[in-house]
Amino acid sequence: MGAIEYQNCRSDARSTQFSFAALLETKLGAITAWQIEKWRSQRLQGGVKATTANRDLDDLRSSLAKAVAWNLLPSSPLATVRRSKVDNNAAVRFLSDEEEAGLRTALIDRDQRIRLARASANRWRVARNYPCLPSLSEAEFPDRLRPMVLLSLNTGLRRIELFSLTWGDIDFANAESNRPRVQSKKRNDASSSLNEEAIWALREWRDRDCDASDIIFPGKTEDHLNNVRRSWSSTLDVAGIERFRWHDLRHTFASRLVMAGVDLNTVRELLGHSDFKTTLRYAHLAPAHKAAAVATLNKRRISSPPHD
C-alpha cells in the first residue's frame with residue numbers, strides 16, 4: 001500500500017469513527033437497518049446535507065460489504081437501506097467576478113502581511129543574536145493558502161484530492177495532473193489538464209522548497225493536511241464573502257467552464273464525475289446551448305427546398 005492509499009485509509013477510518021460514533025461499541029452483527037435509518041434522520045434534521053449523509057453511508061456500506069466478503073457477517077444490514085434523494089437542481093454557490101477579484105486581493109494582502117511579520121521577527125532575532133528564520137521576502141507564496149486556492153479555482157479538485165496531491169501526480173511537461181485516489185468517491189481516476197495559472201502556482205510553490213515531503217501541501221504535524229479552516233475563514237471575512245465553502249471553489253471552476261460554453265460532458269470529465277446527473281446541476285448556467293440547439297432546425301429548413 002502506497003503512502004497516499006495509506007493516508008486515505010486513515011482518513012476514511014477517522015471519518016467513519018466520527019460519523020458513526022454511536023455505533024463504535026456495537027458488534028457488527030448487531031447493527032440493524034433501523035439504527036442506520038434513525039442515524040440518517042438525525043443527521044439530516046441536524047442540517048447535514050443529503051450528499052454528505054450518502055457519502056458516510058457509502059463508507060459504512062463498503063466496510064460491511066468487506067465484512068461479508070471475509071465471512072465476518074452472513075449479510076450486510078444495509079442491504080435494504082437506500083441512499084437519500086439528492087436535489088441536483090439546488091442552487092449552486094459560486095464566486096461572482098467581483099467576489100473572485102476580492103478573494104484574490106485578500107490572499108495577496110495576506111501574503112504580504114506574512115512576509116512583513118517574518119521580517120519583523122528576524123529583526124527581533126538579530127537584535128538578540130538569535131538565528132534568523134528563513135526569509136520570505138522573495139517568496140511568491142509565503143505559505144500554502146494562496147496556491148491551494150488558485151489550484152482549486154483552476155482544476156476543480158475536491159478538497160480531499162487537493163490535500164492528497166503529490167509531486168509525483170504532476171506532469172509539468174504535459175501540463176497534466178493525476179487525480180489522487182480517493183476511496184470515498186466512486187469514479188475513474190483520470191488525469192486533469194493544468195492551465196497556465198495552475199502550472200505557475202505549482203512551480204512557484206515547488207521552488208519555495210518549503211518541505212521535503214512528496215505531498216504538495218503537507219500538514220504541520222502530520223504528512224496529510226486535515227484542514228485550513230482558520231486561515232480560509234479569516235480570508236473570506238477580509239474579502240467580504242459570505243456563505244461560501246471551500247467546496248464552492250469547485251463549483252466556481254465548473255460554473256466558469258459552463259458559462260464559457262464548454263459542453264457538459266467535458267465538464268463532467270474535468271470534474272471527475274462518474275454520474276452525468278451530478279454535472280447537470282450546472283446546465284442552467286448555459287442557456288445559450290438551448291437556443292443553439294433549436295437554431296440548427298432553422299439551418300435545416302433554409303437548406304431544404306420549399307414545398308409546392
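Student: Why is Leu 44 called partly exposed?

Tutor: Leu 44 has a relative accessible area of 37%. Buried means under 20% relative accessible area and exposed over 50%, with partly exposed in between (1.4 Å probe, protein chains only). Leu 44 is therefore partly exposed. This is a predicted model, in which local features need pLDDT of at least 70 and side-chain atom pairs count only at pLDDT 80 or more, while totals for chains, interfaces and linings use all residues. Residues are numbered from 1 along each chain as its sequence is written, and side-chain values use heavy atoms, with hydrogens and water left out.

Student: Where does Leu 44 lie, and which residues does Leu 44 touch?

Tutor: Leu 44 lies in helix H2 (residues 33–45); helices are DSSP runs of H or I with at least four residues, numbered from the N terminus. Leaving aside residues up to four places away in sequence, Leu 44 touches Lys 49, Ala 50, Ala 53 and Ser 84, where contact means heavy atoms within 4.5 Å. Leu 44 and Ser 84 are 40 residues apart in sequence, and 9.6 Å separates their C-alpha atoms.

Student: Why does Trp 70 count as exposed?

Tutor: The relative accessibility of Trp 70 is 57%, so Trp 70 falls in the exposed class. Trp 70 sits in the loop between helix H3 (50–69) and helix H4 (97–127).

Student: How do you know that H9 is largely enclosed by the rest of the structure?

Tutor: Ten of the 13 residues of H9 are buried, and H9 is therefore largely enclosed. Among the buried residues are Asp 248, Arg 250, His 251 and Phe 253. The cover over the buried residues of H9 includes H4, helix H5 (145–155), helix H8 (229–239) and helix H10 (264–271).

Student: Which residues touch the most other members of the largest nonpolar core?

Tutor: They are Leu 103, Val 149, Trp 232, Trp 246 and Leu 249, in a core of 33 residues. H5 gives the most to this core, with six residues. A nonpolar core is a set of buried Ala, Val, Leu, Ile, Met, Phe, Trp, Tyr and Cys residues joined through side-chain atoms within 4.5 Å.

Methods:
Helix = DSSP H or I, 4+ residues; strand = E, 2+ residues; numbered from the N terminus.
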